Amino acid sequence: MVATVIVEQASGGSDGTPGSEDEIETSTRLQTKDQFAITDTTYPIPIPESGFNYSYWIHVYLKITGAPSVKINNVRFYSDGAIGWNFGTDGELRRGNRDAGDKGAPMDTEYDVATGTEGITGHSIEDAENGHDYYNAQTTKTADVASDVVGSPATLDSTDHTTTGKCKAVVLQAKVASDATQGEQTDETLTLKYDEI
């Protein structure tokens with residue numbers, strides 16, 4: 001039997017326990033509030049006078065709602081390599097990164113609530129005190145999503161999933177510099193792919 005798989009985003013709650021888990025049917029939005037609200041434009045990422053502002057990070061993952069006949073594995077994440085947003089110098093669309101092994105954060109055990117100052121900036125994934133605990137001890141805590149391409153995707157989850165449940169999450173965040181371009185950015189297509197046996 002072919003598995004039933006959906007894409008979800010977790011938000012709110014507490015570390016290890018998401019408050020909301022919403023299906024991403026068409027799109028999601030990076031913003032300066034920890035919420036799933038794809039049409040809410042009241043929490044943009046302001047361009048800072050200096051340094052960087054960040055979106056609140058988001059956890060996006062595959063949820064298996066109908067078990068596969070054998071297994072699902074090799075969950076990968078990639079972009080087209082040409083993120084069209086103008087983040088400014090050293091700005092980027094980034095994801096949490098691990099020095100070795102799977103790059104995804106196990107759900108729900110490594111779910112880490114996004115924090116920051118609403119309407120201004122989220123805390124960086126890399127922040128020593130308020131960053132994402134699953135990535136903070138790594139040498140390279142984040143990676144540029146533009147480097148995750150179809151020929152070299154990020155492996156999020158190499159686990160063999162044989163029943164219903166959640167796969168490991170890609171943790172995404174926008175990093176915006178003081179010389180970024182103001183205005184709403186164009187939509188970007190990001191891909192989660194898996195093998196089913």
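Predicted model: local features only at pLDDT ≥ 70, side-chain atom pairs only at ≥ 80, totals over all residues.
## Overall architecture

Read from the N terminus, the elements of the protein chain follow the order β-β-β-β-β-β-β-β-α-β-β-β-β-β, which amounts to 1 helix and 13 strands.

The C-alpha trace of the protein chain spans about 55 × 35 × 35 Å along its principal axes. The radius of gyration of the protein chain is 16 Å, which agrees with the value near 16 Å that a compact globule of 197 residues would have. Among contacts in the protein chain with a separation of 6 or more, 79% are made by residues 24 or more positions apart.

## Surface, burial and charge

Of the 197 residues in the protein chain, 45% are buried. The accessible surface of the protein chain comes to about 9400 Å², and carbon and sulfur atoms account for 45% of that area.

The charged side chains comprise 14 positive and 32 negative ones, and the centres of these two sets lie 6 Å apart.

Strand β6, which covers residues 92-96, is mostly covered, with 5 of its 5 residues buried. In a regular strand the side chains alternate between the two faces of the sheet. In β6 both faces are covered, with Glu92, Arg94 and Gly96 buried on one side and Leu93 and Arg95 buried on the other.

Strand β6 runs antiparallel to strand β12 (residues 170-177), to which 4 bridges join it, and it also runs antiparallel to strand β9 (residues 142-144), to which 3 bridges join it.

Thr181 lies in the loop between β12 and β13, the latter strand being residues 191-196. With a relative accessible area of 42%, Thr181 is classed as partly exposed, because that value falls between the 20% limit under which a residue is buried and the 50% limit over which a residue is exposed.

When residues up to four places away in sequence are not counted, Thr181 touches Ile47 and Asn86. Thr181 and Tyr111, by contrast, are 70 residues apart in sequence and stand 32 Å apart in space, taken from C-alpha to C-alpha.

Technical notes
Residues numbered from 1 in each chain as written. Heavy atoms only, no water. Helix = DSSP H or I, 4+ residues; strand = E, 2+ residues; numbered from the N terminus. Rg over C-alpha atoms; globule rule 2.2 N^0.38 Å. Buried < 20%, exposed > 50% of the residue type's maximum accessible area, 1.4 Å probe, protein only. Contact = heavy atoms within 4.5 Å. Areas by Shrake-Rupley, 256 points an atom, 1.4 Å probe, with all protein chains shown as cover. Lys, Arg positive; Asp, Glu negative; His and termini not counted. Charge placed at Lys NZ, Arg CZ, Asp CG, Glu CD. Pairing = 2+ DSSP bridges.
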